[in-house]
Amino acid sequence: MTKLEVVFLGTSSATPTRNRSLPAIAIRREGQVILMDCGEGAQGSFVRFGLGLNKEMLILITHLHGDHVNGLLGLLQTMSMSQRVRSLTLIAPPELFGWLKATMEVFHIGLTFDIGLVPVRSGVVHRGKDFRVRAARANHSVDAWSFVFEELPRPGVFDPNKARSLGVPEGKKWSSLQRGRSVVVAGARIRPGQVLGPERQGRSIGYSGDTRPTKRLARFFSGVELLIFDSTFAARDAKKAVERKHSTSTEAARLAREAGAKRLVLTHFSARYKRTDGLLRESRKIFPDTVAARDGLILDVPAVQ
Ligand SMILES: [Zn+2]
């Protein structure tokens, strides 16, 4: 089973604190990195946590507030200085692309690799070999988006005894069936369903970016294994959360419950909270399977049972 991890590079909100950097979260999976938001300083954490500068890579930007994008230029420049050749894909609100091009010109930055620019929109925004990324509108003070990374379902477990009893010779025909393709044995068609167990569900990770909780997002995040949600404020500061279009820890918990998420990770903490245990406690009262992110936290996303 492919290892799937989430590496929290920055867990603060708009300003950094002694222990928390600006927003940046990476999904690490079999030589691939999917970076979600790229706050200032992300490249340092990227190197510190060994994410690798020449991996197959996708960058998702939720919205155009500086704290979520100011690290992008530095990261791309360092990748170039490390002689990256592999192209990468950047999915973001399209206004970012003009800024990126203009800034690179001003700073004489020439990239050693191509960037595929994909304007974010509702629905599937990226299809990988065995996973996809979907986007949905969030509800923040500017145009903002949430993302779900999801592995595609895999064929069920192959039963060699069934294959033998149906007279399928070991070798090429077995592997065709294992990959979900029918084969013909002595004039008879054998379908994968005859030798495979039930289809195995893939894993999914949701990331809210900055947002108020909404019905749409509860539906969008339906059943995700791991939900990473805006928890800028504690419940006592709910008024501020409404004004600034963020969420509180209890709102994140309620949304996770409504969505039927398996696990919730709180992140994007306001610098006003030195410690996050109070926010964590509030959330756990409603959604017990909550963790509070911290810079450097690595969470494993196990296989779906
Ligand atoms: Zn933010």
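Mentor: Begin with the domains, whose bounds come from an automatic or database domain assignment. Here the assignment gives domain 1 (4-154 + 200-300) and domain 2 (160-194). Their centres, taken over C-alpha atoms, are 43 Å apart. This is a predicted model: local features need pLDDT of at least 70, side-chain atom pairs count only at pLDDT 80 or more, and totals for chains, interfaces and linings use all residues. Residues are numbered from 1 along each chain as its sequence is written.

Trainee: Which strands make up the open sheet, and in what order?

Mentor: Strands (E, at least two residues) and helices (H or I, at least four) are DSSP runs, numbered from the N terminus. Two strands pair if DSSP finds at least two bridges between them. The open sheet has seven strands in the order β6-β5-β4-β3-β2-β1-β16, with mixed pairing. Its edge strands, β6 (115-119) and β16 (298-300), each pair on one side only. Within the sheet, β2 (24-29) and β3 (32-36) run antiparallel, joined by five bridges.

Trainee: Are the residues of β12 buried or exposed?

Mentor: A residue is buried if 20 or more other C-beta atoms lie within 10 Å of its own, exposed if 12 or fewer, and partly exposed in between, with C-beta atoms placed from the backbone. In β12 (204-207), S204 and G206 on one side and I205 and Y207 on the other are all buried, and both faces are covered.

Trainee: Which residues of helix α10 are buried?

Mentor: In α10 (277-286), L279, E282 and S283 are buried. Seen down the helix axis, the buried residues fall within an arc of 95 degrees, so they line one face of α10. The arc is that of the directions from the axis to the C-beta atoms. The face turned away from the buried side carries the exposed residues D277 and K285.

Trainee: What covers the buried residues of α10?

Mentor: The cover includes α9 (249-259), β14 (263-267) and β15 (290-292). Contact here requires C-beta atoms, placed from the backbone, to lie within 7 Å.

How values were computed:
Contact = placed C-beta atoms within 7 Å.
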